[in-house]
Amino acid sequence: MQNLQQVAISIGDLNGIGIQLALENHGKICELVKPIYCIDRAMLKQAASKLNLSIPEEFQTIEDIAPYFEIKPGIVSKESGAYAYASFCKAVELAKAHAVDAVSTLPIHKKAWELAGVKYKGHTDALRDFFDAKAIMMLGCPKMYVALFTEHIPLNEVAKSINAKDLTRFLIDFYHTAQPKNTVAVLGLNPHAGDEGVLGNEETIINESIKNAHKQLDKHVFTSPLVPDVAFTPHVRAHYTHYIAMYHDQGLAPLKALYFDEGINVSLNLPILRTSVDHGTAFDIAYKGFKLNALSYINAIRYIRERDEK
Ligand SMILES: NC(=O)C1=CN([C@@H]2O[C@H](COP(=O)(O)OP(=O)(O)OC[C@H]3O[C@@H](n4cnc5c(N)ncnc54)[C@H](O)[C@@H]3O)[C@@H](O)[C@H]2O)C=CC1
Ligand SMILES: NCC(=O)COP(=O)(O)O
């Protein structure tokens, strides 16, 4: 039998659903990889007891992640934010030291990170800084992946963030790291992709970036800016597996409408492999005995396994 890869799993916000996913799916995860959970035993026991779940055998944990605190299901808290961040940092530390082959992250709450004084909006943002690399956030599944040119910024900053230098670099990095086999659909920004300048001009910059990228790659990879409200209709989707969106909800609203259950989040263009679930902390259903959908979590781990097999 093939040696399984070791994967550090950061435990996410312990007031949310991540720990239930980890406990309930340990058996399935162990068929794919060897997981190491970045959580102290005492915190694990507290969570398992609150969930009324037993701790599976050979559930490998790590001590001294962060101070013990009382789990408060569904509550945004500084303590839980600090623990989630420390757990993520431990997972990255293991990957940096080559003690694991990859990292997979359970969901964190952005406000809890902020309350804990964490300066990053999310994992991707932090990884960019940790590795001084231009990480690319891509979510999806083999039927449809969407990479985000801008992500966790306010909407009123999107248009001014679109410039040819950064977008050209992004397109080239995306091509090298996502390795798309087919033409990649690039979205315009404005309604009707600007309608030849009637409704905005950012498409001129997007077009220029696409041309620059084609020249530097010496191949034709990307479409011209597509009309965003048409780009995800079934007959257009039939032509593409990879999309590039100019902002978060332009890409993720259609993706999650179509593939929320099975989708994952992958950080491209980094020296380590990091995947994640595509959903958040789901505080509304945490510790309430709800049956969770675990497909995103399992697929996030499966992606790591399949990358190893390639
Ligand atoms: N990978 C990560 O760390 C991510 C973190 N977040 C963060 O999570 C927090 C909460 O985000 P929301 O917008 O409320 O989205 P959410 O994904 O936590 O919840 C949206 C809806 O989907 C349901 N849901 C989510 N995952 C589920 C699962 N596995 N099984 C069954 N139902 C599930 C929830 O109950 C809720 O009704 C925010 O701070 C957000 O930024 C959001 C996405 C990814
Ligand atoms: N919308 C994706 C999300 O919020 C997760 O971001 P990250 O934590 O993977 O950077």
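Reader: What should I know about the model and its numbering?

Author: The model is predicted; local features need pLDDT of at least 70, side-chain atom pairs count only at pLDDT 80 or more, and totals for chains, interfaces and linings use all residues. Residues are numbered from 1 along each chain as its sequence is written, while chains are lettered from A and ligands numbered from 1 in the order in which they are written.

Reader: Which residues belong to domain 1 and which to domain 2?

Author: Domain bounds come from an automatic or database domain assignment. Here domain 1 is 1–133 + 270–310, and domain 2 is 135–269. Two residues are in contact if their C-beta atoms, placed from the backbone, lie within 7 Å. The contact between the domains takes 20 residues from domain 1 and 15 residues from domain 2. On the domain 1 side, helix H13 (295–309) gives the largest share, five residues. The C-alpha centres of the two domains lie 28 Å apart.

Reader: How many bridges join S4 to S8?

Author: Helices (H or I, at least four residues) and strands (E, at least two) are DSSP runs, numbered from the N terminus. Two strands pair if DSSP finds at least two bridges between them. Strand S4 (residues 136–141) has five bridges to strand S8 (residues 264–268), and the two run antiparallel. Methionine 138 has valine 266 as its bridge partner in S8. Five bridges also join S4 to S5 (residues 144–148), again antiparallel; this pair forms a hairpin with two residues between the strands.

Reader: Is S4 buried or exposed?

Author: A residue is buried if 20 or more other C-beta atoms lie within 10 Å of its own, exposed if 12 or fewer, and partly exposed in between; C-beta atoms are placed from the backbone. Five of the six residues of S4 are buried, so the strand is largely enclosed by the rest of the structure.

Reader: Which residues come nearest to ligand 1?

Author: A residue is near a molecule if its C-beta atom, placed from the backbone, lies within 6 Å of it. Of the 15 residues around ligand 1, the nearest are Pro107, His279, Gly280, Ala282 and Asn293.

Reader: Which residues does the "binding site" annotation cover?

Author: UniProt positions are given in the numbering used here, feature names are shortened, and annotations may be inferred rather than shown by experiment. The unreviewed UniProt entry lists His152, His192 and His248. They span 97 residues in sequence, and the farthest two C-alpha atoms are 23.8 Å apart, so they do not all gather at one spot. Histidine 248 is in contact with His152, among others, whereas histidine 192 touches Leu199 and Val227, not counting residues up to four places away in sequence.
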